[in-house]
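Here is a briefing on one structure. Look over the sequence and the model first, then read on.

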Amino acid sequence: MSSTMQAVVIHGREDYRLERIPVPVPGPGEALVKVQAVGICASDLKCFHGAPMYWGDGPIPPNVDLLVTPGHEFVGEIVTIDDLGRQRWGVDTGDRVVAEQIVPCWKCWFCRRGQYWMCAPHNIFGFRRSVNGAMAEYMIYPADAIVHKVSHDIPAAHAAFAEPLSCALHAVERASIGFGDVVVVAGCGPIGLGMIAGVRAKSPAHVIALDHIPEKLDLAAECGADITLNVDTDNAESVVRDLTEGYGADVYLDATGHPSAVPQGLNLLRKLGRYVEYGVFGSPVTVDWTIISDVKELDVLGAHLGPYCWPTAISMIEAKVLPLDRICSHQLPLNDFRAGIDLVGRGDASVKVSLLPGAESPPWGINDRHRRRARGH
Ligand SMILES: [Zn+2]
Ligand SMILES: [Zn+2]
């Protein structure tokens with residue numbers, strides 16, 4: 001095994017570089033993992049282009065360190081592990097494993113209450129230097145990570161989908177769905193499609209999917225939506241009204257992160273309805289909060305990460321509940337990471353874009369430029 005590896009390194013806004021860096025060396029209780037696939041998330045895109053929440057020029061402190069390797073949705077195979085790690089996670093060399101995207105401290109107030117997804121230090125793979133992400137040939141699963149085994153029998157990109165799917169399922173849990181509910185999911189990207197599959201598993205009266213791209217609505221139907229509406233051409237409000245004696249939807253889940261989805265949801269919900277927000281917004285959203293209080297007395301719930309949903313997500317993937325061959329629409333080699341980010345940016349061209357660090361690299365791109373530089377050309 002070479003002592004160096006290819007890795008994407010964050011140098012700043014829109015300045016991510018493919019570099020050769022040392023293969024990390026695992027400490028006590030840690031595992032060295034050979035990365036098989038890493039998904040590119042909308043949050044990676046927003047971080048790359050410099051959304052204020054990541055770079056500290058908004059109301060909250062910066063969320064990303066410099067010189068970090070990004071990538072928080074991944075799967076890989078264990079190369080090196082000691083007895084401490086073997087015992088804690090019940091895994092061994094050669095096992096295919098995912099790690100939850102947050103590495104909890106297990107000491108803070110939230111961790112002590114089991115609410116580890118709100119861990120105060122909030123070390124998420126690929127955003128903090130202490131927990132480098134998966135856009136590299138190898139990565140470390142730190143001792144505090146939460147690790148789950150995944151079947152070798154599914155494509156790597158599908159296995160890495162455990163991360164977005166667990167997030168989607170957590171949002172569904174937040175919605176406390178009942179059998180008679182009419183549930184609306186806005187946005188049929190990876191998270192929205194995962195929500196639809198999760199909502200379907202809860203067996204409500206109707207699962208309504210909203211998007212403006214016909215192919216994504218098609219996928220929504222395959223994931224379990226019984227009604228799909230194109231927000232550009234269909235009148236979602238009248239469809240929902242017709243289904244609910246004019247009252248409105250019981251539950252609305254937003255997976256768009258688009259400012260227009262917020263008033264849309266507040267509008268589609270009945271009085272005493274439940275709004276679940278999973279979106280990460282590029283800018284603040286303005287709505288009339290009176291609709292939440294005086295007009296409808298809504299429950300407005302946030303959702304973040306996928307706590308306690310990973311085992312279910314992995315079972316759903318292994319059982320092929322979702323059409324993952326279509327959802328995992330693009331797989332690229334690591335040195336095409338820029339093309340991958342751009343593909344995610346053009347939302348309608350892809351669903352889930354993944355990088356396969358183990359795959360053969362084509363003889364062009366950023367990698368080649370670096371190689372030439374390394375040789376002194
Ligand atoms: Zn993500
Ligand atoms: Zn903590």
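Trp 106 is partly exposed, with a relative accessible area of 39%. Buried means under 20% relative accessible area, exposed over 50%, and partly exposed in between (1.4 Å probe, protein chains only). This is a predicted model: local features need pLDDT of at least 70, side-chain atom pairs count only at pLDDT 80 or more, and totals for chains, interfaces and linings use all residues. Residues are numbered from 1 along each chain as its sequence is written, chains are lettered from A and ligands numbered from 1 in the order in which they are written, and side-chain values use heavy atoms, with hydrogens and water left out.

**Aromatic pairs**

- Rings of Phe, Tyr and Trp (its six-membered ring) pair if their centres lie within 6.5 Å; planes under 30 degrees apart count as stacked, over 60 as edge-to-face and the rest as tilted.
- By this rule the count comes to ten aromatic pairs.
- Trp 106 and Tyr 116 form a tilted pair, because their ring centres are 5.8 Å apart and their planes stand at 40°.
- Trp 106 sits in the loop between strand S6 (102-103) and helix H4 (109-112), and Tyr 116 in the loop between H4 and strand S7 (123-124), so the pair ties together parts ten residues apart in sequence.
- Helices (H or I, at least four residues) and strands (E, at least two) are DSSP runs, numbered from the N terminus.
- Tyr 116 is buried, at a relative accessible area of 4%.
- Tyr 116 also pairs edge-to-face with Tyr 308, at 5.3 Å centre to centre and 80° between the planes.
- Tyr 308 lies in the loop between strand S15 (299-302) and helix H11 (310-318), so its pair with Tyr 116 ties together parts that are 192 residues apart in sequence.
- Tyr 308 counts as exposed, at 54% relative accessibility.
- Ring pairs link Trp 106, Tyr 116, Trp 117 and Tyr 308 into a cluster.

**Zinc site**

- Cys 105 (SG), Cys 108 (SG), Cys 111 (SG) and Cys 119 (SG) coordinate the zinc ion (ligand 2) at 2.3 to 2.4 Å.
- Donors are N, O and S atoms within 2.8 Å of the metal (3.2 Å for Na, K and Ca); water is not among the atoms, so sites may look incomplete.
- The arrangement around the zinc ion (ligand 2) is tetrahedral because its four donor atoms subtend angles of 100 to 118°.
- Four donors count as tetrahedral if all angles lie between 85 and 135 degrees.
- The donor residues are spaced C-x2-C-x2-C-x7-C in sequence.
- Cys 105 is buried at 18% relative accessible area, and Cys 111 is buried at 6%.

**Strand S5**

- Arg 96 and Val 98 point one way from strand S5 (residues 96-99), Val 97 and Ala 99 point the other way, and all are buried.
- S5 runs antiparallel to strand S4 (residues 73-81), joined by two bridges; two strands pair if DSSP finds at least two bridges between them.
- Gly 76 stands opposite Val 97.
- Three bridges join S5 to strand S9 (residues 147-149), also antiparallel, and His 148 is the bridge partner of Val 98.

**Helix H7**

- Ten of the twelve residues of H7 are buried, so the helix is largely enclosed by the rest of the structure.
- Among the buried residues are Pro 190, Leu 193, Met 195 and Val 199.
- H7 is followed by Ser 203, whose phi is positive, near 55°.

Note on methods
Four donors count as tetrahedral if all angles lie between 85 and 135 degrees; four count as square planar and six as octahedral if opposite donors are over 155 degrees apart and all others between 65 and 115; anything else is irregular.
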